Amino acid sequence: MIKVRNLVKAFGTRVVLRNISFDIEPGEFITLLGVNGAGKTTLMSIVATLSKPTAGKIFIGDMDTQQHAAYIRRYIGLVSHKTLLYDDLSGEQNLRFYARMYDVEHPVERIETVLRQVGLWGRQKDPVRTYSRGMQQRLAIARAILHNPPILLLDEPDTGLDQGAASMLGELLAAVGTAQRTVLMTTHNLERGLSLGNRVLMLSDGKIAVDMPREDVSIEALAHYYQQ
Amino acid sequence: MPQNLSSSITSDRVISEHPPQFAYLHKVLAIAGKDIAAELRTKEMMSAMFVFSLLVIFIFNFAFDLRTDNANTLAPGVLWVAIAFAGMLGLGRSFITERDRGSLEGLLLAPVDRSAIYFGKFLGNVLFISVVEVVILPLFIVFFNQPLGIIVPLVGVIVLGTIGFAGVGTLFSAMVIHTRARDVLLPIMLFPVVVPVLLSAVRLTAGILDNLPFEDVQNWLGLLVAFDLIFLAVSYMMFEYVVEE
Amino acid sequence: MTAGTMHSGKRDIWGLVLTVVSGIMMITGLYLAFVFAPPAMNLQTAVERFTQRVLYFHVGAAWVGFFAFFVTFAAGIGYLAKRTFFWDNLAHSSVEIGLTFMTMVLVTGSIWAKPTWNTWWTWSPRLTISAIGWLMYIGYLMLRSAIDNPARRARFAAVYGIVAFMSVPINFMAIRWWRDIHPAVVASGSNEGTGGFDMSPNMTATLIFCVVAFTVFYFTLLYHRMRLGNVEHEVETLKQKAMYR
């Protein structure tokens with residue numbers, strides 16, 4: 001599904017990702033871990049076709065992201081720690097806008113479906129400004145799955161959420177993730193990340209330090225990398 | 001071709017198999033429409049622009065003591081200064097909201113060529129400035145005591161001038177939001193580049209107010225149209241480089 | 001200008017050669033302008049005749065001012081295509097030097113204007129376009145200084161350099177049409193407005209020599225400035241390596 005080959009990303013003279021390669025099969029739920037600055041967001045951003053690699057290639061569905069970016073984006077949904085929502089518009093207006101941008105057929109029905117799925121049906125007419133942070137993240141997820149993408153990228157979706165909201169989000173992600181999607185998620189919450197995923201990748205100093213199925217991973221072993 | 005992608009959506013396919021016809025245009029209009037909808041909710045930008053241009057006209061009136069005889073000489077300049085300043089105000093705003101709320105990324109994620117963002121924003125900007133102009137124009141006619149017959153040709157000049165202004169302005173405001181001194185930087189960057197627009201617009205306006213024959217001002221019209229076309233094209237091409245990461 | 005000779009501390013043949021040649025040409029130029037060239041006989045007072053000599057530097061500076069801008073334009077395209085530091089360094093250096101020359105244009109223009117037309121400033125086409133070019137340079141430098149991210153800074157500067165330079169010819173046309181009292185310099189007897197004059201062969205030779213001398217001087221300054229830029233870049237790179245292991 002996603003093939004990363006010799007990916008290098010440098011910002012000026014600072015190299016953030018050093019020659020990374022890995023594959024993601026359809027249906028996998030990958031938890032991407034790493035300390036701040038390890039390059040997780042950079043990697044996500046490149047997979048989402050928002051940034052370009054300095055060197056190397058990424059193939060999504062066997063298509064080169066640098067050549068077919070606009071087409072590939074139809075099949076990707078991204079939830080980042082910024083909401084990507086328009087505060088002054090209502091939840092419904094936001095979704096209708098994105099439905100147009102993604103050529104969603106039958107937008108009205110689809111919007112209702114996802115709003116119910118994230119538990120925001122009833123608040124859709126209110127401006128996003130009035131939503132709590134947790135509600136905004138839920139709307140962000142609604143936006144990300146609106147076009148039913150086979151690939152879902154989640155960049156620290158639980159940022160800024162309290163425990164209750166975060167666990168609600170976790171349940172939502174579990175439900176959404178199993179709908180035969182391929183998911184790549186970064187998180188700082190080790191426990192939740194490990195409970196959701198079935199494979200763990202860890203970035204350290206711009207390289208992949210850990211790549212193993214979830215069952216083989218222990219929190220103690222990972223903590224070692226965080227302490228460096 | 002994209003076997004893995006579209007066939008892996010095992011549940012209902014929600015997006016159309018192939019992008020529909022005119023998808024690009026649809027998305028450009030969607031972006032412009034979204035900006036308009038957002039602005040209609042708050043109206044903060046347009047009210048600022050409107051009040052500002054009113055102030056400019058008033059101030060000019062008092063500053064230059066515009067009696068009837070020299071009013072006509074200064075009128076075109078006053079009109080275009082008001083439009084230029086109000087325009088700068090509006091241009092600055094259009095990308096700020098995107099950046100502060102991270103929603104520019106949302107646009108960049110959309111499955112459409114980046115240039116659609118440029119045209120969508122451009123259209124939105126043209127509309128916003130036009131709305132303010134719609135208010136300024138009658139005031140202008142009233143304060144400067146102009147005959148109503150000038151409205152149609154003057155609107156034409158105003159449209160062309162606005163396009164020239166917003167064409168480059170949209171590109172520059174996309175750059176300026178990433179900087180620290182964004183409000184100051186946009187006028188400094190934009191003004192020297194759009195001088196031909198201002199010169200042509202003022203000359204054409206003067207020609208209309210003074211009822212000059214068309215031949216006298218036609219090369220200004222040519223210049224304005226040429227500027228609009230060239231710089232719309234150049235800005236469209238450069239926009240990709242501004243939003244890439 | 002290979003990377004090898006750009007390193008400080010190594011013997012810098014090119015730099016030396018350029019500096020020496022520049023120096024010789026500039027001094028010769030001074031001699032030609034103040035001693036060799038005959039006084040302009042159609043000017044009334046001795047003061048006017050003396051200040052007319054500033055023309056030789058004024059024109060040279062104007063030519064370099066805009067040539068430097070063209071270099072920035074080309075370097076901007078080069079950067080967007082190749083994305084190497086060299087192109088960005090070239091663009092930035094050329095702007096800094098061009099700004100210096102452009103300032104010289106405005107100052108010498110003013111020196112010339114006072115005794116000739118009894119005013120410190122005229123909105124003649126060449127001075128106006130130089131003032132606008134000057135503003136564009138300032139805009140470029142302000143843009144650069146307002147962005148921290150080096151890749152984005154280089155990219156945005158390149159875009160602005162390209163768009164701004166493209167507006168120069170159109171600007172020039174517009175301003176030419178707008179006003180016309182600046183004398184046509186190498187004209188044969190055409191007197192546009194006040195202050196036109198004929199150029200004898202000696203004067204022409206002096207003028208051309210000064211233009212060439214200024215151009216060589218520009219390249220010398222550019223070379224040294226780029227070397228400085230390279231050193232700064234190296235320091236930056238080393239700092240990054242140290243900070244991020």
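Here are some notes on the two chains, their folds and the contact between them.

1. **Ground rules.** This is a predicted model, so to speak a computed one throughout: local features need pLDDT of at least 70, side-chain atom pairs count only at pLDDT 80 or more, and totals for chains, interfaces and linings use all residues. Residues are numbered from 1 along each chain as its sequence is written, while chains are lettered from A and ligands numbered from 1 in the order in which they are written.

2. **Chain A overall.** Chain A holds eight helices and ten strands; helices here are DSSP runs of H or I with at least four residues, strands are E runs of at least two, and both are numbered from the N terminus. The C-alpha trace spans about 45 × 40 × 35 Å along its principal axes. A compact globule of 228 residues would have a radius of gyration near 17 Å, and chain A agrees, because its value is 17 Å. That radius is taken over C-alpha atoms, and the globule rule is 2.2 Å times the number of residues to the power 0.38.

3. **The sheet.** Six strands of chain A form an open sheet with mixed pairing, in the order β6-β7-β8-β3-β9-β10. Two strands count as paired if DSSP finds at least two bridges between them. At the edges sit β6 (76-79) and β10 (207-213) of chain A, each pairing on one side only. Neighbouring strands are turned by 15° against each other on average, direction ignored.

4. **Around β9(A).** Follow strand β9 (residues 199-204) of chain A and you meet both senses of pairing. With β10(A) it runs antiparallel over six bridges, and V200(A) stands opposite M212(A) there. With β3 (residues 29-33) of chain A the pairing is parallel, over four bridges, and L32(A) faces L201(A) across that pair. The hairpin of β9(A) and β10(A) has two residues between the strands, and D205(A) takes a positive phi near 55° in it. β9(A) is mostly covered, with five of its six residues buried; buried means that 20 or more other C-beta atoms, placed from the backbone, lie within 10 Å of the residue's own, exposed means 12 or fewer, and partly exposed is in between.

5. **A helix on the sheet.** Helix α5 (residues 133-145) of chain A lies across β6 and β7 (151-155) of chain A, at about 170° to β6(A). Axes are lines fitted to C-alpha atoms, for helices over the stretch in contact, and angles run from 0 to 180 degrees between N-to-C directions.

6. **Chain B.** Chain B has nine helices and zero strands. Buried residues make up 47% of its 245 residues, against 48% of the 228 in chain A. Among contacts with a separation of 6 or more, residues 24 or more positions apart account for 86% in chain B and 67% in chain A. Contact means C-beta atoms, placed from the backbone, within 7 Å.

7. **Where A meets B.** 39 residues of chain A are in contact with 34 residues of chain B. On the chain A side, the elements that give two or more residues are α2 (69-72) and α3 (91-101), and α3(A) gives the largest share, four residues.

Definitions and conventions. Two residues are in contact if their C-beta atoms, placed from the backbone, lie within 7 Å.
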